[in-house]
Structure formats: structure tokens, C-alpha cells
Amino acid sequence: MALPFLGAMAGASKAADIAERPKRLQVFYSPNGMTMEQYRPANFGRDYALSSTLEPLAPHRADFSVITGLAHPKADAAGDPPAGHGRSCPAFLTGAKARQTEGPDIRCGISMDQVFAKHVGDATQLASLELGIDQASLLGSCDINYSCAYTNGISWLTPTVPLPVTANPRAVFERLFGDGEALDPAARAARFRKQASILDYVLEDAQRLAGELGMEDRRKLDEYFDATRAIEKRIERASTSEPVVQAEDLQQPVGIPEDFGEHVKLMIDLQLLAMQADITRVSTFMIGRELSNRTYPQIGVPDSHHMLSHHGSIPEKLERLAQINRYHMEYFAYMLQRMKETPDGEGNLLDRTLVLRGAAFGDSNEHDHHDLPVIVAGGLIKGGNHLQVADGTSMSNLMLSGLQTLGVATDSFGDSSGPLAEFADV
């Protein structure tokens, strides 16, 4: 089981320690666009007022910046059939045009997260994590003449290999800390009863290690084990819950909590635990699969998310869609808070992480990929700003700047024309 960075591993001043900690990339993706009138702040600069959608981020105002005007030109139809989701979602992290196909000959581009993962190399146990809330759609077409592979995920290892999203927290935990055996639910339950807890299994080694550490390192180790045990218990509760039947009459896999909010928080916590232990430095998270038809009765929105995204400018639909957007933003705020609370050497996880949050559309009703709702956050940027870039500026310019900030020696990415000049002000 991997351990967090402990003071016994290296001695240095706090500032020097934070500067030497590994850099990380975290991407948070929301599906089906945004209600831009409720999202976009009314003014620019450092004295901008938070919009209603951004209000949940108020405690973290100094930690993020909003960028307005970015686009994905490669998501243009360019003569292909109108299928905005099938082109915009794969372009989000690649800046590349998706090949129109329903078959196995899919093609797009290498995503930003995988460029950074290659840069990190074998420094970590896992090159990257690709997590989400929704199970992948069936094979075939999910948008007009576009394979479901284009909307199931946002990470591309190569132009022809999209990386699958994992939605089952039990599977994620076993990938991070388990033995990797492909067990059926009954076998997993039997093993869990026998082993009881990964922490109990390694308790003897943990006690031996603790005896060799100083007081501060023992505190950090206890804190880390407490966080791990808490997640184990949440996964165990989810595994023993009754199956839930969705609208499509599909049974949820064992290990997925019935409650949406619990599921989201658990997946976020698993990502941060993996980064704290330096199991990976690269993670992407989809709070919903593109074209998601999830409903949100817990916030008074029983309508399908995707159907609401085609609101036709009807005020009632716009209001319900804005509720979903704000609800998703609350979980982004949760992620930032948890990163600030998670120790990383002498600092916290946010200190050395570049966080990118966005969606493949601005106005979802128009499938508008020329004014994207993009937020950058973390200790590697200045924060506290609302920047406007020239309309139509490729988001690839931002991703190029982000890669350079993360230490990747490159002068191009996707359809970039150069680093984003305004990134220095972010």
C-alpha cells in the first residue's frame, strides 16, 4: 500500500518543500453545456462579481480564475451532420477533430492529460485515473453518426485509443490498493469478510513503521490511514446496499452508492487519496457522461439533463438547467476544499495542482463550442480573476500554457497557435 509523503523522507523548509513537491493535473468535466447567462460573470478583472452559478465557489475565490472567450474550432461540423455532442466532447481535452464514424475506426487526438502522464512517465504506480459517475453507453452510435466512444470519456491515450471511465468506487479502490483480481460480486464480498480491511491486513507493518517515525510523521500517517479507512467503510456500505433500478430498468453495479452526492464525493476523495499517496499525478473526472439523461429530483429537477439542455429559451427550462449547473458547481467547490484540506508535505494538494474545469459547450441549446465555460484553479496559477480572451481563441492555447506550467517541454498542442498570452494573468 502506497504511503503519503512524510517528513522523514526529506528535510527542508516549508517553502522549499512545497516548491519541490510533484506537480499534478486534475480535470473536472460537466456534461451538456451551461446556462451562460447564469454562469458568466457580468464584469472582468479581479473585482468581478460571482455569478449565481459560481456562488458555491465563493470560499475559494482566490484559488481560481474564470476565462471567457475560449473555443474549440475543431468541433465545427465542417460539412458533417449536426452532432454537436459527438464532436465537442472528444475535442474538449484534445483540440482535435473527431472522425465521423459509428464503427471501430474512431479517431481524434491525444488528450492533454495523457501528454502530461507521458511526461511524468513511470514515476507513479498509475499513469492516470479516468473516473466518472455514469456507466459507459452501449456500443454503437450515441450521437448522429458518432460512436459512443466519443461521448463516454474525455481522455485519449492515442488518436485511436480513448480511455474508459470507471464509475464503480469499489473497482477504483481495488485498482489503487487491492490485488487487481477480477472477482465477481460474491467473491468480492467473501474476500472482504475474510480480510475485513486493507488497513487491518497491513496493520502489523504500519505499527512497525510508525515506531520508526517522529511525532509529526506519525500524526500524518494516522491522518492518512483514517482517511483511507473512512473511504473503505463508505465503499462497504455501498456494496451491501440494495440494487437500485434506474429509469432504463438497469441495476446499478455493486459498490456504487444509491445517493448521487455520496457517489460524487466518494469518487473525488478516491482521486485525492491516490494523489496524496503519489499513486498517480493525473486524473480526470466526469460528473456526468456527455448526453447524460440523469434526473435530479433531490434538488427539485425531475427532468432529464440532456433534454433540459435543449431548452429552446423557455424560462422554466433555463431555470431548472441552471439549478443543475449550480449543483455540479457545488461538487467542484467540494473538490477544491478537500484538496486544501489534504496534506502534501508541508503544504496541501492544491498548492502544486493545476485544476481545469469546464464543459464542451457554452450555450447547450445551440451546441455552442465558441464560448466555453472554463475555470482554472490551483496553486500553480494566480487566481481571483475573470479574464476575457479574443473570441474564438482555441482552448488548445490554454492547454498548451497549462502543459508548459506543468513542466512539459512543448511548443504546440492540438490546434494551438501558441501559449495563451493571458495565462500569465490567471
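Biologist: Which residues of α6 meet α11?
Modeller: In this predicted model, P169, V172, F173, L176 and F177 of α6 meet H263, L266, M267, L270, L273 and A274 of α11. Contact means heavy atoms within 4.5 Å. Helices (H or I, at least four residues) and strands (E, at least two) are DSSP runs, numbered from the N terminus.

Biologist: How many of those are nonpolar, polar or charged?
Modeller: By class, that contact has ten nonpolar residues, one polar and no charged ones. Ala, Val, Leu, Ile, Met, Phe, Trp, Tyr, Cys and Pro count as nonpolar, Asp, Glu, Lys and Arg as charged, and the others, Gly among them, as polar.

Biologist: At what angle do α6 and α11 pack?
Modeller: About 10°, with the axes 10 Å apart. The axes are lines fitted to C-alpha atoms over the stretch in contact, and angles run from 0 to 180 degrees between N-to-C directions. α6 and α11 are therefore roughly parallel, a label for angles under 35 degrees.

Biologist: Before we move on, what should I know about the model itself?
Modeller: Residues are numbered from 1 along each chain as its sequence is written, and side-chain values use heavy atoms, with hydrogens and water left out. Because the model is predicted, local features need pLDDT of at least 70 and side-chain atom pairs count only at pLDDT 80 or more, while totals for chains, interfaces and linings use all residues.

Biologist: New topic: how many residues of α14 are buried?
Modeller: Nine of the eleven in α14, residues 395–405, so that helix is mostly covered. Buried means under 20% relative accessible area (1.4 Å probe, protein chains only).

Biologist: What covers them?
Modeller: The cover includes β2 (64–71), α4 (112–120), β11 (353–358), β12 (374–377) and β13 (385–394).

Biologist: And what follows α14?
Modeller: G407, whose phi is positive, near 95°.

Biologist: You listed β12. Which strands does β12 pair with?
Modeller: Four bridges join β2 to β12, and three join β11 to β12. Both pairs run antiparallel; strands pair if DSSP finds at least two bridges between them. V66 stands opposite I375 in β12, and V355 stands opposite A377.

Biologist: Which β12 residues are buried on each side?
Modeller: V374 and V376 are buried on one side, I375 and A377 on the other.

Biologist: Last one: is S88 buried or exposed?
Modeller: Buried, because its relative accessibility is 1%. S88 is found in helix α3, residues 84–91. Leaving aside neighbours within four places in sequence, S88 is in contact with A75, A360, F361 and H369.

Note on methods. Buried means under 20% relative accessible area, exposed over 50%, partly exposed in between (1.4 Å probe, protein chains only). Angles under 35 degrees count as roughly parallel, over 145 as roughly antiparallel, 65 to 115 as roughly perpendicular and the rest as oblique.
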